[in-house]
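Subject: Structure for your files, with notes

Hello,

Here is the structure you asked for. My notes on it follow below.

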Amino acid sequence: MSPPRILSTKPDLRGIDVAASQVLLWPCHMFTVALPKRQVRTLNLFEHTVLRLARVGCNDAGRIAELICLDQHTVSAILRRLVGLRYLDQGLRFLRDPDEVASASENGWESARVFVDLLGGRLLPHLYYDTPAYAECLRDDGSRFQGERGPIEARVLRWNAEQRTRTPSAREVHAVARIQARRSGGRSATADVAVSTAGQAISVLDSPDLVYLATNAVLQAGNHEHILLADPFGHGACGTLAEVFHLARGNDEAVRKVAAGLLGEARIGGRAAQAGRGNMRAATGRWPQVARYYGQATKALQDAARPVASSEDARDAARATGTCLRKLYDALEHTLHGLVREYPPGPGLRALLAGQPAPANGAQLLAYATQLGLHAGPVQQRLLLVHPGKFRGELQVELAPLLALNLAVACAERDGSHPLRLLAESHPGWLGFLTRLKTIRDNVAHGGSVEAMQPDALAAYLAEVGAMIELMLPGGTGTGAGASQASDVDGTPERWRHQARLQARLDANTALAPSALDRLPERLAKACIELELVFDAAGGEHGQAAPTAADGAAVVGALASMLQMALEECLALLPPAPRLAPDVDLRALARERAVRAGFDLAGGQLPPALGRVNPGRLGAALRGQSASLQCACMALLLTAELPWLEGLARRLPALARLAGELAALRRHGYLEHDIARTELVRLRKQTYDSIPYLTET
């Protein structure tokens with residue numbers, strides 16, 4: 001077997017901060033093409049002037065010399081040249097215009113080479129005019145060859161058999177010629193040929209040669225999502241090869257290995273340098289949970305305000321923005337919870353709210369809010385529609401019932417010392433602020449994302465929430481704790497942040513094996529990376545100390561968001577759901593279909609978190625408007641055909657139990673008790689095992 005023929009050009013990587021690089025030998029078919037080359041005879045300004053004078057009958061050398069202020073001998077020489085070029089006859093009479101010289105009959109021909117890549121069948125945007133000079137192969141397979149400055153180690157890519165018969169058309173070659181002309185900043189004779197005649201003028205030989213183009217796959221520092229491919233002819237980056245490489249990562253094992261190798265090479269320090277940095281310092285003071293959440297929001301603001309120098313930085317800024325706003329919401333919820341403990345409602349008031357339907361509660365609470373001076377429009381009034389079951393049993397840390405009880409205590413019990421009265425005087429639009437913050441929090445908590453905000457706008461949110469907390473619980477922000485965390489954040493080198501995300505990507509890819517992160521939809525792949533970041537902050541799989549309730553809640557929330565996204569992707573692939581009669585009990589039907597499909601259910605019943613799902617929200621989920629993990633899982637049970645569900649139950653028998661368990665643990669974003677590390681590891685593994693089946697990767 002003869003060694004491969006390799007064309008190698010020094011890459012132009014100026015301006016690229018290279019974190020890792022790998023030389024690839026990209027298989028291509030090299031076609032020889034014949035191109036028209038225009039034989040243009042150019043005239044200078046004086047020759048054009050003399051020819052135009054001759055055209056109007058002025059052909060005397062002396063007269064012309066007088067008109068254009070040239071020497072008569074020079075004019076005579078110009079006239080003789082014009083005769084020789086057949087623009088004038090022997091009598092110095094005009095024959096033809098110089099624009100007629102560029103006729104098709106005067107075109108010459110030149111040969112060049114074009115390249116069709118054998119992975120994706122793309123025609124590379126380059127015309128190669130030189131005689132190919134192949135590199136010396138130091139190994140028979142070409143994985144080591146002689147470069148300009150010494151031996152080069154390379155990875156040889158296998159070509160796709162489906163692209164062997166791909167032959168470029170004359171029109172495609174003509175388009176490449178135009179691209180090359182624009183790149184060189186000039187005009188070529190080929191590029192000037194009309195498109196309508198290009199197909200007739202350009203010919204492509206039928207016998208291509210198999211060659212390998214040496215190109216560099218480059219991973220940039222701070223951007224681990226996209227791999228650049230250097231142009232194999234030295235013109236910077238090649239978008240054509242990069243696009244083919246990105247598409248091939250989903251189904252080509254060799255390409256996936258290249259990407260994994262680059263990620264591994266770029267991991268210079270892992271996340272060992274960040275050990276112990278993921279856990280926040282415990283906040284002190286009377287309201288430690290409020291102070292801790294406010295401190296986390298302060299830290300996230302600092303992260304969001306970092307300079308954005310790469311796409312990785314932009315993603316970090318958006319993530320930090322969402323984290324900051326969510327932690328502010330959490331701080332307000334715990335503030336309201338602290339108020340209920342400080343100003344507990346009487347048993348009669350709580351029994352009243354627990355004994356009447358949600359619309360009646362909404363009307364009652366709206367009257368309280370109006371009496372206090374709080375503005376409540378139609379959107380804000382939905383925040384006051386609290387289900388009576390929220391007031392029965394042990395009170396949970398949840399905005400709506402806590403807000404309701406505080407409004408009731410501040411107004412109905414005529415307690416003039418209640419801090420909510422003071423808050424209503426200084427912030428009459430407080431309910432509107434809570435509604436906006438809740439919308440953002442719900443989006444982030446269910447796997448959505450927010451756009452990065454300007455640091456000033458985000459700082460305004462932080463300051464406003466801080467002022468509200470101090471009015472309701474003086475000293476509740478625990479500013480000392482927030483300040484103590486700032487130095488820890490500012491002391492973290494930029495490269496550690498990038499390495500943390502890189503290591504998280506590698507961990508997610510390992511957990512998904514034999515599937516791969518590159519095969520997943522983009523938003524789900526990002527969610528997997530976010531999970532690994534919070535999982536590492538909680539101590540990872542082999543942490544020594546038990547994870548705190550806050551760390552466990554963060555991991556559970558990330559797992560629930562991942563599973564919800566995977567279920568939504570699965571629902572999007574299924575045919576539209578059949579219409580169901582309005583009187584059908586959707587929850588009972590979902591339980592029946594889950595039992596018939598063979599899902600592992602305790603006592604033949606759906607998990608409580610699934611069985612209690614709101615029918616109205618479930619109906620919206622069937623219309624493609626899923627808003628929670630429970631709704632997405634129930635919609636899948638109701639939508640999918642039974643044979644398909646049976647196959648899914650054989651592969652993922654515990655899917656319904658997993659969804660119910662994650663939904664129950666997530667509750668409203670908090671864990672009432674610490675969760676064992678072994679439980680987090682089990683839930684993580686089950687979620688990762690479910691994703692490839694649900695997304696068909």
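Buried here means under 20% relative accessible area, exposed over 50%, and partly exposed in between, using a 1.4 Å probe and protein chains only. M565 has a relative accessible area of 2%, so M565 is buried.

Please keep in mind that this is a predicted model, in which local features need pLDDT of at least 70 and side-chain atom pairs count only at pLDDT 80 or more, while totals for chains, interfaces and linings use all residues. Residues are numbered from 1 along each chain as its sequence is written, and side-chain values use heavy atoms, with hydrogens and water left out.

Overall

The protein has 27 helices and eight strands. Helices (H or I, at least four residues) and strands (E, at least two) are DSSP runs, numbered from the N terminus. Of the 697 residues, 49% count as buried. Contact means heavy atoms within 4.5 Å. Among contacts with a separation of 6 or more, 75% are between residues 24 or more positions apart.

M565 sits in helix 20, which covers residues 549-573.

Two packed helices are described by the angle between their axes and the distance between the axes. The axes are lines fitted to C-alpha atoms, for helices over the stretch in contact, and angles run from 0 to 180 degrees between N-to-C directions. Angles under 35 degrees count as roughly parallel, over 145 as roughly antiparallel, 65 to 115 as roughly perpendicular, and the rest as oblique.

The axes of helix 20 and helix 24 come within 9 Å and cross at roughly 30°, and these two helices are therefore roughly parallel to each other. Their crossing is left-handed, meaning that the near helix is turned anticlockwise from the far one by less than a right angle (clockwise would be right-handed). On the helix 20 side, A560, L563, Q564, L567, E568, C570 and L571 meet L629, A632, C633, A635, L636 and T639 of helix 24. By class, this contact has 10 nonpolar, two polar and one charged residues. Ala, Val, Leu, Ile, Met, Phe, Trp, Tyr, Cys and Pro count as nonpolar, Asp, Glu, Lys and Arg as charged, and the others, Gly among them, as polar.

Helix 21 (residues 586-597) and helix 24 (residues 629-639) have axes that come within 9 Å and cross at roughly 70°, which makes helix 21 roughly perpendicular to helix 24. This crossing is left-handed. Helix 21 contributes L586, R587, L589, A590, R593 and A594 to the contact, and helix 24 contributes M634, L637, L638 and T639. Those residues divide into seven nonpolar, one polar and two charged.

In helix 23 (residues 615-622), L618, G619, A620 and A621 are buried. Their cover includes helix 21 and helix 24. G624 follows helix 23 and has a positive phi, near 90°.

Two other sites

V33 is in strand 2, residues 18-38, and counts as buried because its relative accessibility is 1%. Leaving aside neighbours within four places in sequence, V33 is in contact with E110, S111, A112, V114, V173, S203 and V204. The C-alpha atoms of V33 and S111 are separated by 5.6 Å, although the residues are 78 apart along the chain.

D89 lies in the loop between helix 3 (72-84) and strand 3 (107-117).

Regards
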